[in-house]
Amino acid sequence: MTDDNRRILIAGGGPVGLLCAWLIGRHGLPLRLFDNNRALQVDPRAATTHPATLDLLDDALVGDMARVGLTAPIFQFWDRPSQQLVAQFDHAVLKNDTRHPFVVQCEQFKTAKLILDRLQLFPNAEVLFDHEVIDVAQHAGAVTVQVRESSGAISQHSGAFLVGADGGRSTVRRRSEIRFEGFTWPERLIVLTTPFDFEAERGYCYRSYFADPGAWCNCFKVSADGPPGLWRTVYPTDPAQSEEDILSDAGVQARMQSFFPSPQPYEIVHRNLYVTHQRVAETFRKARVLLAGDAAHVNNPIGGMGLNGGIQDAVNLADKLVRIMRDGVPERLLDLYNLQRRTVAIEFVQQQSIANKARLEARDPAVRKRNLDELRASAANPERARQFLLRTSMIASQRRAEAMELRD
Ligand SMILES: Cc1cc2nc3c(=O)[nH]c(=O)nc-3n(C[C@H](O)[C@H](O)[C@H](O)COP(=O)(O)OP(=O)(O)OC[C@H]3O[C@@H](n4cnc5c(N)ncnc54)[C@H](O)[C@@H]3O)c2cc1C
């Protein structure tokens with residue numbers, strides 16, 4: 001077999017594509033990864049890595065993520081109008097369910113860099129930045145991508161399988177004519193990052209969720225370039241407001257002040273606006289094309305599940321591709337990848353992230369009260385807290401995926 005028949009092609013050098021590449025590359029299999037950017041993307045998106053995801057990763061990688069990030073064993077729910085702490089959950093109750101009874105807050109570009117550094121040690125792995133996948137074709141026994149290089153030249157690359165890890169707007173998904181089913185939220189989400197120390201000044205822990213009938217907020221800490229770190233606050237915005245207004249200095253200060261009144265203006269080091277969707281691809285496998293990460297599923301960021309789901313896809317898919325390419329296991333195993341990962345994306349991540357948003361933004365006073373009472377009662381009872389955390393930490397969905405089998 002030539003390398004062209006054995007090579008795994010990967011579109012997208014985000015954390016999901018890089019992880020998939022590293023997990024395949026460490027078995028000596030030839031692979032080629034393309035990313036359209038010049039270098040790793042550095043934007044303030046994912047940070048929260050849940051216990052179920054940490055359990056799937058190499059101990060040394062988790063150690064490095066914790067070293068360059070933060071460890072967060074607890075999270076809190078606050079009622080913003082009354083400024084009351086409603087519930088606090090401690091992952092310690094999961095000590096018999098996971099090797100990692102805590103969350104690691106590591107910005108996704110740091111995780112991606114840790115993986116890229118490892119991947120680049122493998123002579124069998126080619127990582128090509130400034131290479132944009134523009135088309136995909138499948139033939140018997142092979143898949144071919146057309147790639148635009150930085151010079152503008154178009155090249156063709158063939159392999160045994162193609163992993164589309166090229167993000168929410170995936171070209172691989174589109175060119176493979178796979179529908180992306182679901183909807184787009186009317187409100188965009190704004191992320192405002194500040195050095196203001198919410199722990200010292202207000203007693204918030206590293207992951208705090210604020211319920212508010214007008215506008216919710218997630219507030220969490222990242223280590224950034226080292227102590228004292230930065231705090232990211234995420235809010236919904238009014239669909240009628242222009243992007244210019246939302247992102248203006250006045251707009252940003254007004255939002256921070258209305259949520260967290262302070263005598264001083266806030267120092268804002270990043271301001272980013274995101275359109276948010278709830279969508280899942282109609283299939284994660286079309287013959288030799290496999291989708292993973294945001295290319296396969298997207299959701300709102302409340303609860304921090306998007307990249308976690310993507311990492312879980314990458315681990316699952318890399319394991320199956322290695323078994324097929326190295327051990328000669330039948331390719332049908334990839335149907336199990338589709339079954340496991342697509343089912344939990346729909347039944348769990350979509351459902352849970354939509355429910356998380358509904359809980360934070362509920363307007364009806366009776367519904368708000370019921371939601372907050374439920375949180376209080378769950379936090380107060382260790383077994384209920386454990387059941388709650390098994391879902392939020394994605395252990396329950398990972399167990400569900402692992403228990404699935406293909407039927408003839
Ligand atoms: C505000 C916010 C906060 C979030 N917080 C969390 C969190 O705490 N926890 C969590 O789990 N998730 C979170 N998410 C979601 C998370 O950011 C995404 O799920 C994650 O980035 C998906 O990783 P990925 O590798 O699949 O895609 P991406 O990170 O989008 O990477 C895709 C890569 O593919 C490249 N690419 C695109 N098209 C092509 C092409 N045609 N050819 C070659 N390369 C291409 C892109 O340049 C990019 O480098 C958050 C999202 C937002 C918006």
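Val 143 has Gly 159 of strand E11 as its bridge partner. Strands E10 (residues 142-149) and E11 pair in the antiparallel sense over six bridges, where pairing requires that DSSP finds at least two bridges between two strands. Helices (H or I, at least four residues) and strands (E, at least two) are DSSP runs numbered from the N terminus. Four residues lie between the strands of this hairpin, and Gly 152 takes a positive phi near 100 degrees.

The side chains along strand E11 (residues 154-159) alternate. Buried denotes under 20% relative accessible area, with a 1.4 Å probe and protein chains only.

## Basis of the model

The model is predicted: local features need pLDDT of at least 70, side-chain atom pairs count only at pLDDT 80 or more, and totals for chains, interfaces and linings use all residues. Residues are numbered from 1 along each chain as its sequence is written, and side-chain values use heavy atoms, with hydrogens and water left out.

Of the 32 residues around the ligand, Asp 35, Asn 36, Gln 108, Asp 294 and Leu 307 come nearest; a residue belongs here if one of its heavy atoms lies within 4 Å of the ligand. By class, this shell has 12 nonpolar, 15 polar and five charged residues. Helix H2 (15-25), strand E9 (131-139) and helix H10 (306-327) each supply at least two of the shell residues.

Oxygen atoms of the ligand lie 2.6 Å from a polar side-chain atom of Asp 294, 2.8 Å from a polar backbone atom of Asn 308 and 3.2 Å from a polar backbone atom of Thr 48. The protein buries 91% of the 1000 Å² that the ligand exposes when taken alone.

## Aromatic pairs

The structure holds 24 aromatic pairs, counted when ring centres of Phe, Tyr or Trp (its six-membered ring) lie within 6.5 Å. Trp 78 and Phe 210 form a stacked pair, 6.1 Å centre to centre with 20 degrees between the planes; stacked means planes under 30 degrees apart, and edge-to-face over 60. Trp 78 lies in strand E5 (residues 74-79) and Phe 210 in strand E15 (residues 207-211), so the pair ties together parts that are 132 residues apart in sequence.

Trp 78 counts as buried at 11% relative accessibility, and Phe 210 counts as buried at 2%. Phe 196 and Phe 198 form an edge-to-face pair, 4.9 Å centre to centre with 70 degrees between the planes. Ring pairs link residues including Trp 78, Phe 196, Phe 198 and Phe 210 into a cluster.

Key
A polar contact is a pair of N or O atoms within 3.5 Å; within protein, one must be able to donate a hydrogen and the other to accept it, and residues adjacent in sequence count only if both atoms are side-chain atoms. Accessible areas come from the Shrake-Rupley method with a 1.4 Å probe; for residues, only the protein chains shown count as cover. Ala, Val, Leu, Ile, Met, Phe, Trp, Tyr, Cys and Pro count as nonpolar, Asp, Glu, Lys and Arg as charged, and the others, Gly among them, as polar. Buried means under 20% relative accessible area, exposed over 50%, partly exposed in between (1.4 Å probe, protein chains only).
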